[in-house]
Amino acid sequence: MKLVVACFAATAALAPIRTTSAAEIAPADVPYDGATIKTSLTGVPGNPEEGAKVLANRSLGNCLACHVVTPLAKEQFHGDVAPTLDGVADRWSPDDLRGIVVNAKHSLNPDSVMPGFYTLEVGINVRKDLVGKTILTAQQVEDVVAYLVTLKDAK
Ligand code: HEC
């Protein structure tokens, strides 16, 4: 029950922000190769500092509602319904991570509670004003991936 409440709160806090540019791959055209996406969604390298902000921002990624990320420990209220993202770059390649962030239901687990951040397949009962919008922009996805690849376990 606690988990359900936490997930609902996390999902409800996500407000969509959307900008488009000509070079950007549209959500419906994302070229999945199995569970991974081998092509940048924008052609512009991700910025890890911007990515860290998206992870912590409650109206963008809100990743910390569910995931512990030790380097972002100064941000409050880390949830633990999901695996820690510490060392995630040792477990997944950058292309895998792009696939997971775009749509975890496609890449990880069809029943995942993790929101699909760059997909229009967000299920039923979508608020009318949110139809056709993604939670993150394509560039924000690239920024998040650029940050995730820095999360290696200290050896
Ligand atoms: C509502 C909770 C929730 C939110 C919000 C969320 N995730 Fe997740 N995430 C999960 C769960 C649960 C899993 C474990 C896989 C599964 O069963 O769905 C997961 C798995 C992952 C994995 C794979 C971890 C591993 O070690 O295998 C990555 C990477 C990831 N999430 C990144 C993110 C990022 C980046 C964000 C924010 C942009 C985010 N998640 C937001 C719940 C969430």
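**Reading the model**

Reply: The protein has six helices and two strands, where helices (H or I, at least four residues) and strands (E, at least two) are DSSP runs numbered from the N terminus. This is a predicted model, in which local features need pLDDT of at least 70, side-chain atom pairs count only at pLDDT 80 or more, and totals for chains, interfaces and linings use all residues. Residues are numbered from 1 along each chain as its sequence is written, and side-chain values use heavy atoms, leaving out hydrogens and water.

Me: Why is Cys63 called buried?

Reply: Buried means under 20% relative accessible area, exposed over 50%, and partly exposed in between (1.4 Å probe, protein chains only). Cys63 has 14% relative accessibility, so Cys63 counts as buried. Cys66 is buried too, because its relative accessible area is 14%. Across the protein, buried residues make up 41% of the 155 residues.

Me: What makes helix 6 largely enclosed by the rest of the structure?

Reply: Helix 6 spans residues 138-148, and ten of its eleven residues are buried, so the helix is largely enclosed. Among them are Val141, Val144, Tyr147 and Leu148.

Me: Which helices do the buried residues of helix 6 pack against?

Reply: They pack against helix 2 (48-56), helix 3 (88-91) and helix 4 (94-102). Contact here means heavy atoms within 4.5 Å.
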